[in-house]
Amino acid sequence: MRNIQPVEIEHAGQHILYDASLATQVEQGLDACRLLQWFDETYWRARGKLKGEARGRGSAFFFEHQDCEYVLRHYRRGGMVAGLVEDRYIWTGLGNSRPWREWHLLAAAHERGLPAPKPFAARLIKSGMFYTADLITHRIAAGVSLAQQLTAGRQEQAVWRKIGRVIRRFHDAGIEHADLNAHNILLAGDDAFLVDFDRGRMHAGVFSKRIRNWRRRNLQRLLRSLNKLGGQKETFHFTSGDWHYLLEGYRAA
């Protein structure tokens, strides 16, 4: 497993954080100007490299470069505040920014061998008291969300146990997914992955009451997501028995 090499640069008023080891691998001589083009979906569209798009709170674009696939995501707000400031965040420093925190959290997950997307680059554009931002990660090959799978049909007990084990691995590493839901769990072959770690956190210690509380809240959030989707969709194959198998996997990990 290649070690991630974080490098920060500033160019033309834009801050970039990227994995230097990967930059060397994917494109020799990848300088700041060319790296900025990676954050422009029209750049990839014009070259026929744009492979798809996923719509949710914000759009994620899938593009291909030298036989590798990536995901480009623009940070957008959710909830009521999105109508006022769709994609702007208050500036409190690079280290506190959404893309920097998510990039480093994904790097920590990768270094621990956890099933999450490997980060490539983040970009932040500061304007007065606010900033906008983007993130590029590796795409999980053939990944389909748990929500999509459950809309299509029932999942085997083994799948639910596997999901429980994967969540437990992140929890044991002290990594909290801030929005654990059925859309942010991907199934790919025999593997399960967690994606979209915006606002995620790294916790120290594993035995305190506070740690047990955030783990419990994390699981409860996922259960609410599954129940909500079950109430919204005409066909959604989720039962209390499925949740039981997920918890079996979580507790056995």
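This is a predicted model: local features need pLDDT of at least 70, side-chain atom pairs count only at pLDDT 80 or more; totals for chains, interfaces and linings use all residues.
Biologist: What makes Asp172 and Arg168 a salt bridge?

Modeller: Their closest N and O atoms are 2.9 Å apart. A salt bridge requires a side-chain nitrogen of Lys or Arg within 4 Å of a carboxyl oxygen of Asp or Glu, so the pair of Asp172 and Arg168 qualifies.

Biologist: Why is Arg168 called buried, and why is Asp172 called partly exposed?

Modeller: Buried means under 20% relative accessible area, exposed means over 50%, and partly exposed lies in between. Arg168 has 18% and therefore counts as buried. Asp172 has 37%, so Asp172 is partly exposed.

Biologist: Which residues do salt bridges with shared partners join into one network?

Modeller: That network consists of Arg73, Glu102 and Asp196. In total, the structure holds 13 salt bridges.

Biologist: How do you know that Arg123 and Asp134 form a salt bridge?

Modeller: The closest N and O atoms of Arg123 and Asp134 are 3.0 Å apart, and the cut-off is 4 Å, so the pair meets the criterion. This pair links distant parts of the chain: Arg123 is in strand 7 (residues 119-127) and Asp134 in strand 8 (residues 130-138), 11 residues apart.

Biologist: Are Arg123 and Asp134 buried or exposed?

Modeller: Arg123 has a relative accessible area of 13%, so Arg123 is buried. Asp134, with 6%, is buried because its value is under 20%.

Biologist: What is the place of His177, and why is His177 called buried?

Modeller: His177 sits in the loop between strand 10 (175-176) and strand 11 (185-188). Its relative accessible area is 2%, so His177 is buried. A polar atom of the His177 side chain lies 3.2 Å from the backbone nitrogen of Leu180.

Biologist: Which residues form the positive surface patch?

Modeller: The patch is formed by Arg101, Arg201, Arg212, Arg216 and Arg217. Helix 7 (residues 209-232) contributes the largest share, 3 residues. Arg212 lies in helix 7.

Biologist: What makes Arg212 partly exposed?

Modeller: Arg212 has 44% relative accessibility, and therefore counts as partly exposed.

Note on methods
Residues are numbered from 1 along each chain as its sequence is written. Side-chain values use heavy atoms; hydrogens and water are left out. Patches are made of residues with over 30% relative accessible area and no salt bridge: like charges are joined within 9 Å, nonpolar side chains (Val, Leu, Ile, Met, Phe, Trp, Tyr) within 5 Å. Accessible areas come from the Shrake-Rupley method with a 1.4 Å probe; for residues, only the protein chains shown count as cover. Lys and Arg count as positive and Asp and Glu as negative; His and the chain ends are not counted. The place of a charge is taken as NZ of Lys, CZ of Arg, CG of Asp or CD of Glu. Helices (H or I, at least four residues) and strands (E, at least two) are DSSP runs, numbered from the N terminus. Buried means under 20% relative accessible area, exposed over 50%, partly exposed in between (1.4 Å probe, protein chains only). A polar contact is a pair of N or O atoms within 3.5 Å; within protein, one must be able to donate a hydrogen and the other to accept it, and residues adjacent in sequence count only if both atoms are side-chain atoms.
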